[in-house]
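Thanks for asking me to look this over. Please have the chain open beside you while you read my comments.

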Amino acid sequence: MALCPLNLEWNWGKLRMSVWNPPRLLDLVGMSLLRDEALAFAPLGDLPTEFFPPLFMEAFHGRHSETLKAMVQAWPFVRLPLGGLMEMPHVGTLQAVLDGLDVLLAQKDCPRRCKLRVLDLRNTGQDFWSTWSGSNVRVSSSSSMAPVAEDRSRTEQPLAPLEVFIELCLNEGTMDEFFIYLMQWVEKRKASIHLCCKKLKILSMSMENIMKVLSMVQLDCIQEVQVNCTWHLSTLAVFAPLLGQMGNVQRLLLSHIHVSALDEQEQQHVVQITSQFLRLHHLRDLRMESPSFLQGRLDKMLRCLKTPLENLAITHCLITESDLKHLSQCLNIRQLKGLDLSGVPLTGFSPELLQVLLEKVAATLQELDLNLCGIMDCQLEAILPALSHCSQLRTFSICGNLLSMAIMEKLLRHTDGLPTLILELYPAPRESYSSQRILHPGRLAQLQAELIEIMRNLGRPRTIWISSSPCPRWGNEIFCHEKTIIYCCFVPP
């Protein structure tokens, strides 16, 4: 095996070598390459594969641009997980890598040694670097995402477009130099580059710029879409055809879509939006916050669902009894694992409607959130038999509803037999408040003691939260019993 000539003149005092810890050949090669970047122009084709990751890491952190450029052209792996090395994006190192790719793209035939078909700029790949380095690695560990395998290997198609994976968070105020440089580079190479992202998040950006960015993205790569900005219904209607092209989307989150008045034009916008769901054949998780445009029209969207949902959240908006009826009749909610109707007023609705809905999802439901729904005693009592049959239920939250102590006792008894229920979030009983709706901590403490006694009589250890706030986890008062524990918190009046 031939190696490129190396200059191995060392300052032994600085090396501090001991007979018990001599430098590896890998270390010697790396130090020589990085001391004299002119060696980067020498052929790297015969360099052993295991040399590449640790040498690349040292070149990256030392910002040795010429070495990076040369190593990209001889990269012996299908994927280069560059994002796993970037604690802070640096335009200079990105430019060096992209310059190396430009050399590859300009060649008619892929170099014999180079297998690179995927440049991954997401915060993944830490396992790759640590495995090949054999030592502690200076990589970013902030991401909780597991390493993601490439969807389409290009090893058998050397002339196919090179894939660049990124995380897209579109926010006008945070478009940094790194992102702008990358987009400009991709725009000039559309024929030879496929820009891919799994998760698209839109925070604040003009529709013109959104469409410009997405025109460079392979939309069928996107699996998750989050729209976390305030849009008018007409804006969402403009975005809807792009959404329809994201045929592999599995999770969709829309929030704060405003509508002034549902005139004929707005009605047309609703049709334009809901019709795009017909093209989302892999949608499993649908979450919509404040979708006021669906009031009285929920059936239009439900009819367009093509696959069974696993999670559905329709929150903080008004719906009609007809909407709730259509929801319970929808075939694509029969396999729901999560249902969230928090902030949807149900006070005046027939108790049977919610009962029928729960009966349809009882076999699969794992999480149920009915916070701030204005649920009354009669409505909760109506759903208790169906609730007791939700054998997979793990989390049940009904905070922010005014319920009596009597119905709370019935609730505890009906849910006592649920084997997987581990998190229960309940409101402070109605008797804890004065007629002016002021919470009395003394009354609440007395009712807590009664709830403890009820659970003691039921004989099964369990943990519940009792709260006057829709978000009980913010409290700090804990009441304990040796077999049962009640976590209690409240917002001071």
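1. A word on conventions. This is a predicted model, in which local features need pLDDT of at least 70 and side-chain atom pairs count only at pLDDT 80 or more, while totals for chains, interfaces and linings use all residues. Residues are numbered from 1 along each chain as its sequence is written, and side-chain values use heavy atoms, with hydrogens and water left out.

2. Do start with strand β15 (residues 423-427). Helices (H or I, at least four residues) and strands (E, at least two) are DSSP runs, numbered from the N terminus. Four of the five residues of β15 are buried, so this strand is largely enclosed by the rest of the structure. Here buried means under 20% relative accessible area, exposed over 50%, and partly exposed in between (1.4 Å probe, protein chains only).

3. Now for the partners of β15. Strand β14 (residues 395-397) runs parallel to β15 and is joined to it by three bridges; two strands pair if DSSP finds at least two bridges between them. Phe-396 stands opposite Glu-424 in β15. Between β14 and β15 the chain passes through helix α15 (residues 405-415), in a right-handed β-α-β crossover. Right-handed means that, with the strands pointing away from the viewer, the path from the first strand over the helix to the second runs clockwise.

4. Strand β16 (residues 463-467) also pairs with β15 in the parallel sense, over four bridges. Leu-425 has Trp-465 in β16 as its bridge partner. Helix α16 (residues 441-458) carries the chain from β15 to β16, and this β-α-β crossover is right-handed.

5. Phe-396 and Tyr-426 have ring centres 6.0 Å apart and planes at 70°, so the pair is edge-to-face. Rings of Phe, Tyr and Trp (its six-membered ring) pair if their centres lie within 6.5 Å; planes under 30 degrees apart count as stacked, over 60 as edge-to-face and the rest as tilted. Because Phe-396 lies in β14 and Tyr-426 in β15, the pair ties together parts that are 30 residues apart in sequence. Phe-396 is buried at 0% relative accessibility, and Tyr-426 is buried at 0% too.

6. How many aromatic pairs does the structure hold? There are 10. One of them joins Trp-75 and Trp-129, with centres 6.1 Å apart and planes at 50°, so the pair is tilted. Trp-75 sits in the loop between α4 (65-73) and β1 (79-80), and Trp-129 in helix α6 (residues 126-133), 54 residues apart. Trp-75 is buried at 0% relative accessibility. Ring pairs also link Phe-52, Phe-56, Trp-75, Phe-77, Phe-128 and Trp-129 into a cluster.

7. Glu-224, in strand β7, is worth a look. Its relative accessibility is 18%, which counts as buried. A 2.8 Å polar contact joins the side chains of Glu-224 and Arg-251. A polar contact is a pair of N or O atoms within 3.5 Å; within protein, one must be able to donate a hydrogen and the other to accept it, and residues adjacent in sequence count only if both atoms are side-chain atoms.

8. Lastly, please check two histidines. His-256, in strand β9, has phi near 55°, a positive value in a residue other than glycine. His-316 also has phi near 55°, and lies in the loop between β11 (311-315) and α12. His-256 is partly exposed at 31% relative accessible area, and His-316 is partly exposed at 42%.
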